[in-house]
Amino acid sequence: MTDIIQAVINGVLTGALIAIPAMGLTAIFAVLRYVNFAIGPLATCGAFAAWVLNFRYGWPVLPAMAGSFVTVAAIGLAVEQAALARLRPSGALTVAIASIAVGIILENVLRFSFGNDLRAFDLPLMRDWRFWGLRVGPQQLQTAGIAVAMMAGVFAFLRFTRYGKAMRAVADNPDLARLFRMEPGRIAMATVALGTGLTGVGGALLGLDSAIDPMSGSRLLLPVFAAAVLGGLGSIPGAVAGAILIGIGEELSLLVIPATYRSAIGFLTILLVLSFRPGGLFGERAA
Amino acid sequence: MLEVEGLVAGYASAERILKGVSVHVEPGELVTLVGPNGAGKSTLLKVVSGLVPAREGHVRLGGADVTRQGAAERARAGFAFVMQERNVFGTLTVAENLELAWPGPSRQMAEERARMYGRYPVLAEKRRALARTLSGGQRQILAMAMALMTAPKMLLLDEPTAGLSPKATEELFEVVLGLRDLGLPILMVEQHALEALEVSSRGYVLVSGSNAAEGGGPDLAADPEIRRLFLGG
Ligand SMILES: Nc1ncnc2c1ncn2[C@@H]1O[C@H](COP(=O)(O)OP(=O)(O)OP(=O)(O)O)[C@@H](O)[C@H]1O
Ligand SMILES: [Mg+2]
């Protein structure tokens with residue numbers, strides 16, 4: 001029983017990390033209607049940006065996270081403008097495939113610049129807390145806390161600010177938005193910045209929790225995509241719920257199958273959701 | 001107020017839907033545009049509002065040529081367009097829909113919106129509901145109220161009574177006539193062609209992308225040719 005509770009706790013903490021890039025992926029899909037598979041390597045870029053700021057320049061965690069957001073948002077915007085936006089007339093599939101290519105390029109640029117070594121952040125070592133036979137790392141709690149704060153921030157932005165509402169309006173109906181003076185093109189760029197920036201922070205948080213290498217973000221892609229699909233592509237609350245469920249599913253699976261098969265949870269989820277409920281658990285926009 | 005001259009326009013897959021259409025609306029006029037399905041009525045309003053670009057011809061609002069402007073710019077210039085379909089943000093609440101429609105400083109938004117709630121109490125009742133949960137009649141009222149939040153100089157209406165019950169249709173006609181009485185120029189496409197022409201100062205008949213007839217509203221409504229076309233007789 002304790003095992004199961006421990007797995008659920010770990011799952012929620014992992015899920016909170018998956019949720020941040022999943023929100024980014026789903027936000028970009030909601031407005032631009034393509035799946036950005038570059039988010040794996042973009043998350044790695046975020047991890048390295050935060051690591052450089054923290055390890056080389058001694059920035060504390062929170063400013064390093066902010067730096068990671070800005071850096072990856074800038075990379076995301078540059079990629080969108082230079083490559084993906086030009087391909088949009090050829091359809092969402094073309095853009096999605098191009099995003100895979102962009103991801104491969106980014107990953108190799110990172111490998112060239114930083115090598116393949118594992119790198120860790122400069123963080124004070126803290127002992128795990130133990131209670132009732134359960135174990136929680138303070139570092140894990142801190143990263144999960146940052147993730148939850150970011151989720152709350154994104155929700156508040158979308159729900160309470162005029163710009164956030166305009167983003168939802170453009171996602172809902174770009175033509176109608178134009179009739180009410182909104183500029184869908186500009187709002188799409190803001191969404192790319194927000195979505196990729198979140199992805200960067202997601203990667204950085206993952207790095208805080210473990211160590212980073214040029215592949216660490218790519219390993220995140222599958223659970224992140226699965227979370228967004230499970231929650232219904234285009235739904236931000238769905239992405240968060242999907243991420244928590246995927247996180248719990250992955251951790252529970254460790255109780256019965258070897259860790260190497262953990263990613264099977266993501267695969268299986270995508271397969272099942274797309275076969276039986278293509279709109280996701282909460283999605284209104286069934287594909 | 002509105003001058004449309006020799007419009008040629010269409011879509012990527014069908015380049016010439018409108019083949020040189022001209023219409024005009026004078027200050028304070030209610031003008032009705034009728035025609036068979038697929039005649040290009042909606043396309044005409046989309047070109048006038050800037051959603052679909054014109055290949056040839058001109059659109060002028062209050063004397064200013066807006067033909068090269070996009071939809072957002074034309075909205076700023078004073079056009080409001082209630083589309084035939086998908087004319088509210090379904091995933092946003094009624095209150096949010098009205099808020100986004102408001103063009104002015106946010107301080108005055110709540111006041112304007114409260115005025116709109118006073119005018120259309122059903123919107124006040126449903127303010128927290130998602131727009132896609134509204135009934136057809138409520139949705140059309142919301143779409144009209146959104147257009148009015150922009151304090152437009154020119155209102156374009158595309159089949160505002162489509163799919164409404166007879167009672168809701170009646171109510172919507174009252175709303176439109178009320179706006180006309182306030183002096184707002186209106187160009188309306190309407191499926192209840194004869195009823196609409198009866199109350200319009202002028203009307204146009206559009207057939208396969210060209211002007212087929214025009215005249216005083218009641219005159220057109222009384223014309224035997226037109227009656228045959230629209231009464232299916
Ligand atoms: N987005 C589009 N892409 C391609 N063709 C279109 C598009 N929208 C409309 N059409 C075509 O343009 C023609 C005119 O359509 P439009 O909607 O303007 O007609 P309408 O007079 O409004 O008809 P209705 O009375 O059915 O509303 C039709 O043949 C239609 O199939
Ligand atoms: Mg139409």
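**Exercise 1. In which helix of chain A is Gly40(A) found? Then work out its surroundings.**

Before we start, a note on what you're looking at: this is a predicted model, where local features need pLDDT of at least 70, side-chain atom pairs count only at pLDDT 80 or more, and totals for chains, interfaces and linings use all residues. Residues are numbered from 1 along each chain as its sequence is written, chains are lettered from A and ligands numbered from 1 in the order in which they are written, and side-chain values use heavy atoms, with hydrogens and water left out.

*Step 1.* Find the helix: Gly40(A) belongs to H2, residues 39-56 of chain A. Helices (H or I, at least four residues) and strands (E, at least two) are DSSP runs, numbered from the N terminus.

*Step 2.* Check the burial. Gly40(A) has a relative accessible area of 1%, so it is buried (under 20% relative accessible area; exposed is over 50%, partly exposed in between, with a 1.4 Å probe and protein chains only).

*Step 3.* List the contacts (heavy atoms within 4.5 Å). Skipping neighbours within four places in sequence, Gly40(A) touches Gly217(A), Ser218(A) and Leu221(A).

*Step 4.* Take a distance: Ile100(A) is 60 residues from Gly40(A) along the chain, and their C-alpha atoms are 9.3 Å apart.

**Exercise 2. Is Glu251(A) buried or exposed? Describe its contacts too.**

*Step 1.* Go to helix H10 of chain A, residues 236-253, where Glu251(A) sits.

*Step 2.* Glu251(A) counts as buried because its relative accessible area is 10%.

*Step 3.* Not counting residues up to four places away in sequence, Glu251(A) touches Ala7(A), Asn10(A), Gly11(A), Thr14(A) and Arg262(A).

*Step 4.* Pick out Thr14(A): its side chain and that of Glu251(A) make a polar contact at 3.2 Å. Such a contact is a pair of N or O atoms within 3.5 Å; within protein, one must be able to donate a hydrogen and the other to accept it, and residues adjacent in sequence count only if both atoms are side-chain atoms.

**Exercise 3. Where is Pro160(B) found, and what does it touch?**

*Step 1.* Look in chain B at the loop between strand E7 (154-158) and helix H7 (166-181); that's where Pro160(B) is.

*Step 2.* Pro160(B) has 1% relative accessibility, so it counts as buried.

*Step 3.* Leaving aside neighbours within four places in sequence, Pro160(B) is in contact with Gln140(B), Leu172(B), Met188(B), Val189(B) and Glu190(B).

*Step 4.* Now try Ser208(B): it is 48 residues from Pro160(B) in sequence and 22 Å away in space, C-alpha to C-alpha.

**Exercise 4. Which residues come nearest to ligand 1?**

*Step 1.* There are 13 residues around ligand 1, and Gly38(B), Gly40(B), Lys41(B), Ser42(B) and Thr43(B) come nearest (near here means a heavy atom within 4 Å).

*Step 2.* Look at oxygen atoms of the ligand. A backbone N or O atom of Gly38(B) is 2.9 Å from one, a polar side-chain atom of Lys41(B) is 2.8 Å from one, and a polar side-chain atom of Gln84(B) is 3.2 Å from one.

**Exercise 5. How many salt bridges are there between chain A and chain B?**

*Step 1.* See who takes part: the contact uses 18 residues from chain A and 26 residues from chain B.

*Step 2.* Count the salt bridges (a side-chain nitrogen of Lys or Arg within 4 Å of a carboxyl oxygen of Asp or Glu): there are four. One of them joins Arg159(A) to Glu96(B), with the closest N and O atoms 3.7 Å apart.
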